[in-house]
Amino acid sequence: MYKRIIYMGLGIACLSLTFTSCKSPAALQRTANTTTPDTYNGSQDSTNTGTIAWREYFKDPNLRTLIDTALGNNQELNIVLQEIAIAKSEVRERKGEYLPFVGLRAGAGLEKVGRYTSQGASDANTDIRPGEEFPEPLGDFLVAAEIDWEVDIWHKLRNAKKAAVTRYLSSIEGRNFMVTNLIAEIANSYYELLALDNELAIIKQNIGIQSNALEIVKLQKAAAKVNELAVKKFEAEVFHTKSLQFEIQQEVVQTENKINFLLGRYPQHIERDHQGFEYLVPETVHLGLPSQLLANRPDIKEAELDLVAAKLDVKVAKARFYPSLGISAGIGFQSFNAKYLLETPESLLYSLVGDLTAPLINRNAIKAVYYGASAKQLQAVYNYEQTILNAYVEVANQLAKIDNLEKSYDLRSKEVDALTASIDISNRLFKSARADYMEVLLTQRDALEAKVELIETKQKQMSAVVNVYRALGGGWN
């Protein structure tokens with residue numbers, strides 16, 4: 001096994017024969033366009049809310065506690081952490097491929113050949129030493145070290161390692177993007193829960209108002225001022241509002257369970273204080289410059305690293321068209337008897353072989369890999385550009401949403417004030433027989449709907465502030 005001849009001459013001949021076949025086919029290349037608009041709304045302020053830590057951005061202590069719990073227990077986030085560990089292991093694997101492989105080999109065997117064979121006749125007529133024939137059967141004992149090494153002439157293995165490192169870094173950015181989204185999802189669900197609590201309080205308050213109105217109508221009927229139809233209409237309105245109460249309660253349960261799921265725990269009460277929700281003032285948001293998205297958004301950095309890795313994959317695939325140089329060597333001891341195993345130089349063996357090979361005939365598989373890597377590189381370019389565009393659009397949308405919701409909230413507040421006042425007016429007019437019961441009912445229903453819509457608008461305001469923070473790349477740092 002270890003009696004080898006160095007075939008470098010044959011390898012050089014192979015190189016001369018195949019040199020013309022080593023040229024790689026051309027592939028379509030494209031540079032990513034990372035140009036963004038100069039500003040969002042003409043402001044040159046470079047202060048960026050996305051760089052603020054989430055503990056400073058979210059003031060509610062109950063919300064902070066929920067986010068803290070989620071960052072430690074969320075199962076999906078923990079799955080991603082294991083993907084990062086897998087990517088790190090791939091880096092070690094790729095690094096080991098361009099280093100020499102060193103192994104130890106030990107073996108023992110016994111062989112009996114026929115005397116009337118070429119080897120048997122030769123052994124019978126050959127003395128190991130004067131007067132000492134080959135033993136029969138013949139033993140074989142071996143201890144050796146073996147080395148195999150592919151010399152990375154074209155940086156094929158090094159580029160594969162760099163691609164693995166880049167994907168490892170990309171997986172970290174993917175984890176950061178998940179953290180950003182997880183924080184935003186918890187904050188949105190928390191504000192939704194506060195809004196539902198306030199809606200429930202409004203409905204309960206309205207049930208009291210409608211119940212009082214029902215009692216008044218019953219007294220009016222007893223005084224023959226209204227008929228039974230008015231009483232039934234008021235009763236139906238009370239039943240309708242009470243049914244809304246249970247619908248909201250179900251939404252509260254589902255929202256609590258959604259938050260608990262994100263926190264990686266079974267359903268339980270979510271600690272919160274819904275008092276003063278309608279008076280919450282959204283955080284002032286500084287958008288900074290669009291170009292800052294490239295550094296702040298983890299998904300953009302992830303797409304950029306994926307593009308770098310894809311380019312390295314193209315280089316690796318291209319290098320497969322070129323000759324590869326492999327070196328194999330071995331050194332050790334081998335003898336037919338264990339007592340002679342360490343005697344030198346008689347039992348010493350060594351070998352050195354260099355192989356230079358290049359693809360000659362069947363190159364279709366290599367071409368397919370190369371074209372596939374080139375297509376994936378183009379795909380990564382488009383994905384990078386799309387991610388940048390999507391980030392800008394998200395910020396622009398949330399900016400417009402914050403502005404429009406602020407105006408909407410102001411108008412809805414005035415609507416609620418007007419309808420709340422109209423309830424007292426309609427009740428007084430009804431008592432004095434200057435308004436019928438339908439006007440009272442419609443006024444109460446309109447006031448309820450307006451108050452609920454006001455709370456929903458506030459919840460959308462808070463969600464817009466959360467979402468613009470996420471869009472700017474906040475939360476992971």
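1. In this predicted model, the largest cavity is lined by Glu 150, Val 151, Asp 152, Ile 153, Trp 154, Lys 156, Ala 319, Tyr 322, Pro 323, Ser 324 and Leu 325. Its space comes to about 70 Å³. Strands β4 (138-151) and β5 (324-335) each contribute at least two of the lining residues. By class, seven residues of this lining are nonpolar, one is polar and three are charged.

2. Two cavities of 30 Å³ or more are counted. The second largest cavity has a volume of about 40 Å³, and its lining consists of Ala 213, Ile 216, Val 217, Phe 234, Asn 427, Phe 430, Lys 431 and Val 440. Here α6 and α10 each provide at least two residues. The lining divides into six nonpolar residues, one polar and one charged.

3. Helix α6 (residues 156-222) also packs against helix α9 (residues 298-319), at an angle of about 165° and with the axes 8 Å apart. The pair therefore counts as roughly antiparallel, the cut-off being over 145 degrees. The contact of α6 with α9 involves 12 nonpolar, six polar and 10 charged residues. The crossing of these two helices is left-handed.

4. The second largest pocket holds about 390 Å³ of space. It has 24 lining residues, of which Glu 283, Thr 284, Val 285, Leu 399 and Ile 402 are the closest to the pocket centre. The elements giving two or more residues to this lining are α10 (364-431) and α11 (437-471); the largest share, six residues, is from α10. By class, the pocket lining has 10 nonpolar, seven polar and seven charged residues.

How values were computed. Residues are numbered from 1 along each chain as its sequence is written. This is a predicted model: local features need pLDDT of at least 70, side-chain atom pairs count only at pLDDT 80 or more; totals for chains, interfaces and linings use all residues. Side-chain values use heavy atoms; hydrogens and water are left out. Axes are lines fitted to C-alpha atoms, for helices over the stretch in contact, and angles run from 0 to 180 degrees between N-to-C directions. Helices (H or I, at least four residues) and strands (E, at least two) are DSSP runs, numbered from the N terminus. Angles under 35 degrees count as roughly parallel, over 145 as roughly antiparallel, 65 to 115 as roughly perpendicular and the rest as oblique. A crossing is left-handed if the near helix is turned anticlockwise from the far one by less than a right angle, and right-handed if clockwise. Ala, Val, Leu, Ile, Met, Phe, Trp, Tyr, Cys and Pro count as nonpolar, Asp, Glu, Lys and Arg as charged, and the others, Gly among them, as polar. On a 1 Å grid over the protein atoms alone, a cavity is a set of points where a 1.4 Å probe fits but cannot get out, and a pocket is an open set with protein on both sides within 12 Å along at least five of seven lines; lining residues have an atom within 4 Å of a point. Grid points are joined across faces, edges and corners, and a volume is the space filled by probe spheres set on the points.
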